[in-house]
Amino acid sequence: MTAVLNKLGVYWEVGMTQAKARMAYSAWFWASLFVQTVGLLVMVYFWSAVYENQDSIKGQSVQQTLNYIMLARMLSGLTGSGIIQRFGQLLNRGELAIELLRPVDFQFQNLAQALNRWFTDLLMRWQLWVMALVFFHLQLPSDPLAYLYFLISLVLGCIIVFFFEWMIACIVFVTTESWGLNVLKEGVASFLSGALIPLTLMPDWLRTVANFTPFSKAVYVPASFLSGLTPVSDGPRMLLELVLWAVGLCLLSRFIFAKMVKHATIQGG
Amino acid sequence: MTSYTRMYFDLLAQNIKTKLEYRVNFFIGGISTLAGQVAGLLTLWVVMETIPTLKGWTLNQLLLIYGLLVLSKSLNHMFADNLWRLGWAYIRTGDFDRYLVRPVNPLFHLIADRFCEDGIGNFVVGLGLLIYSSAALDIPWNLVNVLYTLLMVLSGSLVFFGINLITSSLSFWMTDSLPVMWGVFETHEFAKYPLKIYHNSVNVIFTWILPFGIASYYPASHLLGHPVGWLAWMAPLMALLLVLVGYGVWKAGLSRYTGAGS
């Protein structure tokens with residue numbers, strides 16, 4: 001028991017370094033807040049224009065869609081864990097070997113940091129939530145279960161995205177290029193996550209494709225719980241699905257890492 | 001002037017050679033921004049499948065605006081990308097001094113020092129959208145329209161350049177103005193859609209203050225035969241104004257520059 005608590009304590013401290021680093025760069029914080037506000041504004045105006053001539057689209061009202069879009073926008077940062085850039089850095093600076101020698105699991109250490117950074121980012125966007133509530137009439141559910149399912153699916157979704165990105169990051173061992181890889185992934189993720197359009201408004205075949213990607217688990221699922229697109233009665237089944245995804249991707253990502261790390265070529269010197 | 005032109009192409013050739021040293025990276029970089037655009041286009045396509053027009057604009061008309069904006073953006077991305085690195089890669093590190101001891105305009109040198117292949121993806125998308133949407137809309141590509149479009153795209157890229165020049169030059173005062181530069185740059189997202197879907201105040205901002213719309217929305221309206229009057233021709237003037245202001249800020253910043261101690 002003591003050993004387990006010590007272990008968790010280590011991961012907690014490792015994770016907290018991200019929160020501290022994040023808050024140290026206030027210029028980036030304000031720039032990010034501004035950019036998110038821009039994105040929120042564009043989306044609200046766009047979707048309001050879309051609904052100008054109809055009361056509902058595929059059974060969804062304008063308020064439901066706006067609700068969802070605002071929430072999805074605030075969660076859109078969750079499609080990127082930063083692990084791809086991290087691998088690029090480690091490789092360029094020749095620090096990979098050192099990291100692998102530490103007495104803390106390399107993958108779980110990075111997962112702890114990623115989760116903390118996501119959490120910190122969400123908290124630091126409280127201005128955005130206030131803006132959405134006050135100026136754009138964001139409506140939140142009255143059922144406490146919706147919030148519970150939201151939080152649980154949020155954490156599980158982030159974990160799923162992290163493991164998936166870990167697999168993509170392993171490609172860096174072969175190409176040594178990480179910026180392009182990340183942009184490539186971002187482009188795909190931003191659409192399939194449901195950050196730009198609710199999955200419920202997509203054609204059936206496209207919704208199926210999006211549902212088979214991990215990114216919708218971090219944005220669409222939590223946002224749909226909080227916006228009411230997914231009823232709370234679906235909660236248990238959805239969460240079970242997320243758990244299975246998380247376990248499966250964890251095993252697969254560790255397998256791929258074990259294979260690919262052998263191809264690493266340390267740069268510079 | 002001739003020597004600057006030749007110097008530019010010599011530097012460009014060297015840059016591209018160094019890029020091709022790593023062909024896989026060059027390819028990934030070129031295709032990566034392409035993927036970024038796919039997301040935005042898929043959104044438009046899915047939405048327009050459910051409604052006939054957006055404030056009177058059809059899908060093909062929306063693609064025309066989108067294509068013009070992305071084309072302008074891509075030229076700036078390919079040829080003026082080094083502005084993004086002025087603060088953190090040159091001023092902060094003291095490397096900027098290298099430019100000041102050479103008998104070449106430092107701004108020219110900074111820009112000529114980098115060709116960004118990532119912008120190729122955006123260029124392909126922008127050009128493809130322009131060709132596709134204009135064909136679908138039966139816009140005749142006579143000499144007048146071709147020259148007009150070229151003028152607007154070049155003006156648009158200079159608008160991007162001018163705005164970036166202003167925000168990056170702030171690095172002379174704050175060492176690294178990248179957050180400001182990024183924040184201002186991202187507002188171009190507004191210009192992906194017809195300005196008429198926004199509140200009037202947003203219209204004014206993106207027509208006169210951060211005039212990304214002046215080189216996409218208004219030219220698109222003009223090509224479609226919409227009556228936008230003289231606004232159809234404001235892009236070159238706004239571009240010139242922004243570049244002049246940007247260069248003024250650059251020179252002011254340069255005059256107070258002191259190298260980072262080392």
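Colleague: What makes chain A and chain B partners in contact, and how many residues are in contact?

Modeller: In this predicted model, 38 residues of chain A are in contact with 36 residues of chain B. Contact requires heavy atoms within 4.5 Å, so these residues are counted as touching the other chain.

Colleague: How much area do chain A and chain B bury between them, and on which atoms?

Modeller: About 3100 Å² is buried between chain A and chain B, with 81% of it on carbon and sulfur atoms. On the side of chain A, the most area is lost by A:Trp28, A:Tyr45 and A:Phe46, together 20% of what that side buries.

Colleague: Why is the pair A:Glu52 and B:Lys55 called a salt bridge?

Modeller: The side chains of A:Glu52 and B:Lys55 meet at 2.9 Å, N to O. The cut-off for a Lys nitrogen and a Glu carboxyl oxygen is within 4 Å, so the pair qualifies. The count between chain A and chain B is one salt bridge.

Colleague: Which elements give two or more residues to the side of chain A that touches chain B?

Modeller: They are helix H2 (26-50), helix H10 (179-192) and helix H11 (204-211) of chain A. The largest share, 15 residues, comes from H2(A). By residue class, this side of chain A divides into 28 nonpolar, seven polar and three charged.

Colleague: How do you know that the radius of gyration of chain A agrees with a compact globule?

Modeller: A compact globule of 269 residues would have a value near 18 Å, and chain A has 19 Å, which therefore agrees. Buried residues make up 52% of chain A.

How values were computed. Residues numbered from 1 in each chain as written. Chains lettered and ligands numbered in written order. Predicted model: local features only at pLDDT ≥ 70, side-chain atom pairs only at ≥ 80, totals over all residues. Heavy atoms only, no water. Buried area = accessible area lost by both parts, 1.4 Å probe. Helix = DSSP H or I, 4+ residues; strand = E, 2+ residues; numbered from the N terminus. Nonpolar A, V, L, I, M, F, W, Y, C, P; charged D, E, K, R; others polar. Rg over C-alpha atoms; globule rule 2.2 N^0.38 Å. Buried < 20%, exposed > 50% of the residue type's maximum accessible area, 1.4 Å probe, protein only.
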